[in-house]
Amino acid sequence: STLYAHMNEFAPDLRQGAKISQGETIGTVGTTGWSTGPHLHYEVRINGGHVDPMSVALPACPLDGADRQRLAQSIETVRDRLAQFDSLRVARFQ
């Protein structure tokens, strides 16, 4: 089973036990308290025990054609935006 925590709200049409597809919106996240930013906690349990999600073999869904091209463009856009921060000087709290 999987668990998603720190959710702000779930999608209105989402029901427990429903199957979801990759890319489908399941809800939104927020930030409160000492949080450094919005985030989603995702965990996997096998036979009731916690396991490292990165160690679980999941079915692959290879991208090709237009989907792969859109992903490459999105990655390049994010890299360009991140590169803009390289020259910024950030104040530090001490």
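What follows is a short chat about a predicted model.

Visitor: Let's start with the sheet. Which strands form it, and in what order?

Guide: Three strands make an open sheet. The order is E1-E4-E5, with antiparallel pairing.

Visitor: Which are the edge strands?

Guide: E1 and E5, the latter spanning 49–51. Each of them pairs on one side only.

Visitor: And how are neighbouring strands turned against each other?

Guide: By 40 degrees on average, with direction ignored.

Visitor: How many bridges join E4 to E5?

Guide: Three, and the two strands run antiparallel.

Visitor: What sits in the loop between E4 and E5?

Guide: Asn47 is found there. Check its backbone: phi is positive, about 55 degrees, although Asn47 is not a glycine.

Visitor: Is Asn47 buried or exposed?

Guide: Exposed. Its relative accessibility is 82%, and the cut-off for exposed is over 50%, so Asn47 counts as exposed.

Visitor: New topic. Where is Ala11?

Guide: In the loop between strand E2 (7–10) and strand E3 (27–29).

Visitor: Buried or exposed, that one?

Guide: Ala11 is buried. Its relative accessible area is 15%, and buried means under 20%, so Ala11 falls in that class.

Visitor: Which residues does Ala11 touch, leaving out those up to four places away in sequence?

Guide: Thr25, Ile26 and Gly27.

Visitor: Take Gly27. What separates its C-alpha atom from that of Ala11?

Guide: 4.6 Å. Along the chain, Ala11 and Gly27 are 16 residues apart.

Visitor: Now pockets. How much space lies in the largest one?

Guide: About 420 Å³.

Visitor: How many residues line the largest pocket, and which lie nearest its centre?

Guide: The lining has 17 residues. Nearest the centre are Thr2, Tyr4, Ala18, Ile20 and Ile26.

Visitor: Which one gives the largest share?

Guide: E1, with three residues. E1 is also one of the edge strands of the sheet.

Visitor: Last one. How do the lining residues divide into nonpolar, polar and charged?

Guide: Eight are nonpolar, five are polar and four are charged.

Key:
Residues numbered from 1 in each chain as written. Predicted model: local features only at pLDDT ≥ 70, side-chain atom pairs only at ≥ 80, totals over all residues. Heavy atoms only, no water. 1 Å grid on protein atoms, 1.4 Å probe; cavity = no way out; pocket = protein on both sides within 12 Å on 5 of 7 lines; lining within 4 Å. Points joined across faces, edges and corners; volume = space filled by probe spheres on them. Helix = DSSP H or I, 4+ residues; strand = E, 2+ residues; numbered from the N terminus. Nonpolar A, V, L, I, M, F, W, Y, C, P; charged D, E, K, R; others polar. Pairing = 2+ DSSP bridges. Axes fitted to C-alpha atoms, helices over the stretch in contact; angles between N-to-C directions. Buried < 20%, exposed > 50% of the residue type's maximum accessible area, 1.4 Å probe, protein only. Contact = heavy atoms within 4.5 Å.
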